[in-house]
Amino acid sequence: MFTLKKHYYILAIIFFALTMTHGLSFASDKSYSFSVPPFPPFNGIDEFTQCKGIGALAVEKVTTKLKEDFNVIGFPYARMLNSLKTGQLDVALLFKNNTVIEDVEYIGPISISKVLIITQPNINIKHYNDLYQLDSIAVIRNAQFNKQFDQDSKLNKVNVTSYSQAVRLFKLSRINAIVGSQVGLEYALYQENIEDDLVNDALVNDELMDNAYFLGNKESGLHISKKSTLIDILPLIRVAVDEAYQENLFEQLYSQQMTQCAAL
């Protein structure tokens with residue numbers, strides 16, 4: 001017999017099912033936050049404001065394969081790392097950084113970059129031990145470039161917030177050298193010339209890059225906060241990163257941006 005009690009029981013089940021379905025729908029509509037290194041050419045191209053930058057484009061190659069909404073947030077490098085720990089930031093595309101290894105799931109690589117050290121023209125670095133003769137090496141605060149270099153307390157390192165700041169100090173001869181990714185250094189030198197209208201210095205910049213000391217290769221990948229609900233779709237993200245990976249992805253995107261954006 002269909003009693004009133006059974007009727008209420010069925011209604012309760014239906015209500016519970018609808019609530020759960022609504023909850024799932026709401027979760028899929030969530031907007032996730034991501035960050036990339038907070039300076040050009042990773043988060044934009046200064047003179048071409050319509051260009052997204054190579055970091056944002058690399059993240060898009062992954063996120064377009066997912067059914068989630070991602071929005072870029074500009075954080076200073078140190079705050080980016082701290083925000084991954086607290087969960088304020090869902091994901092960051094960075095050089096693989098072991099300082100947050102306990103707080104993130106790392107998925108990579110998505111690209112491999114050359115790490116170089118450029119020096120003043122009168123300084124020639126041939127071997128790692130030659131670095132000890134340098135009075136000062138500009139380093140992005142909290143970034144990791146090379147295990148030996150990162151842990152070497154005998155080197156005279158000067159923290160900077162961006163490659164552009166490092167290049168300005170370098171041009172003023174306040175520092176001897178700068179460590180960084182090839183594309184990051186190339187763009188910072190290029191941009192300094194544009195701002196100072198020193199087109200003829202392009203040859204000087206080419207010489208600086210040609211004479212740079214090769215410190216090693218460094219992989220970049222996604223650092224996903226363990227406090228983010230993106231953890232629930234890690235297998236999908238791994239597949240998307242694998243499909244987007246190219247060894248020289250950053251170099252390709254940099255060349256495309258500098259060519260295409262100049263034509264706009």
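Which side chain meets that of Glu60 in a salt bridge? The partner is Lys52, with 2.6 Å from N to O. We will come back to this pair after a walk through the whole chain, which is shown here as a predicted model.

**The chain as a whole**

The protein chain has 264 residues, and 47% of them count as buried. Its secondary structure consists of nine helices and eight strands. The accessible surface comes to about 14,300 Å², with 53% of that belonging to carbon and sulfur atoms. Among contacts with a separation of 6 or more, 70% are between residues 24 or more positions apart.

Strands of a sheet pair through backbone hydrogen bonds, either parallel or antiparallel. Strand β5 (residues 137-140) and β6 run parallel, joined by four bridges. Within this pairing, Val139 has Asn159 of β6 as its bridge partner.

**Helices on the sheet**

Ser83 is a residue to look for in helix α3, which spans residues 77-86. Is Ser83 buried or exposed? Ser83 is buried, because its relative accessible area is 1%, under the 20% cut-off. Leaving out residues up to four places away in sequence, Ser83 touches Phe75, Gln88 and Leu89.

**Salt bridges**

Side chains of opposite charge can pair when their charged atoms come close. In this model the count comes to two salt bridges, listed here.

| Salt bridge | N to O distance |
|---|---|
| Glu60 and Lys52 | 2.6 Å |
| Lys65 and Glu243 | 3.5 Å |

The pair of Lys65 and Glu243 links distant parts of the chain, 178 residues apart. Lys65 sits in the loop between α2 (54-63) and β2 (69-72), while Glu243 belongs to helix α8 (residues 234-244). Lys65 is partly exposed, with a relative accessible area of 45%.

Back at the opening pair, Glu60 is partly exposed, with a relative accessible area of 29%.

Definitions and conventions:
Residues are numbered from 1 along each chain as its sequence is written. This is a predicted model: local features need pLDDT of at least 70, side-chain atom pairs count only at pLDDT 80 or more; totals for chains, interfaces and linings use all residues. Side-chain values use heavy atoms; hydrogens and water are left out. Helices (H or I, at least four residues) and strands (E, at least two) are DSSP runs, numbered from the N terminus. Buried means under 20% relative accessible area, exposed over 50%, partly exposed in between (1.4 Å probe, protein chains only). Contact means heavy atoms within 4.5 Å. A salt bridge is a side-chain nitrogen of Lys or Arg within 4 Å of a carboxyl oxygen of Asp or Glu. Accessible areas come from the Shrake-Rupley method with a 1.4 Å probe; for residues, only the protein chains shown count as cover. Two strands pair if DSSP finds at least two bridges between them.
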